[in-house]
Amino acid sequence: MPSQTAGPVTEKFPKVPGTASVSCLFTWLGTKGDYAGLEAKSKKVTGWRVYTSSLTTQGRVNIVLATYLACGITGYLLWNSYKKKKAVTASEST
């Protein structure tokens, strides 16, 4: 299949992966697409940053879990507020 470009393409950032999860996106932003140097950078991370850095596997897992937890809590709170508003409007109409 022929290339769509006429010559070499220079980009400031490499393309974002199409199926990027939250942690992959943070990793991509943090490394600017340099996945080859990721292993060396992850060894330099120490202390509590190991658990919150997108450079380490543990940090990426925690970022994803925190995102799911935040979305779940937000959804629950929105659902409860919707239920209360629906109950108030139903009691006012009768």
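User: What does pLDDT tell a reader, and what is its average for the protein?
Analyst: pLDDT is the predictor's confidence in each residue, from 0 to 100. The protein averages 74, and 72% of the residues score at least 70. This is a predicted model, where local features need pLDDT of at least 70, side-chain atom pairs count only at pLDDT 80 or more, and totals for chains, interfaces and linings use all residues. Residues are numbered from 1 along each chain as its sequence is written, and side-chain values use heavy atoms, leaving out hydrogens and water.

User: How is an aromatic pair read?
Analyst: A pair of aromatic rings is described by the distance of the centres and the angle of the planes. Rings of Phe, Tyr and Trp (its six-membered ring) pair if their centres lie within 6.5 Å; planes under 30 degrees apart count as stacked, over 60 as edge-to-face and the rest as tilted. A search of the whole structure finds 1 aromatic pair. Tyrosine 76 and tryptophan 79 form this tilted pair, 6.3 Å centre to centre with 45° between the planes. The two are 3 residues apart in helix α3, so about one helical turn separates them.

User: Is tyrosine 76 buried, exposed or partly exposed?
Analyst: Buried means under 20% relative accessible area, exposed over 50%, and partly exposed in between (1.4 Å probe, protein chains only). Tyrosine 76 has 48% relative accessibility and therefore counts as partly exposed.

Conventions. Helix = DSSP H or I, 4+ residues; strand = E, 2+ residues; numbered from the N terminus.
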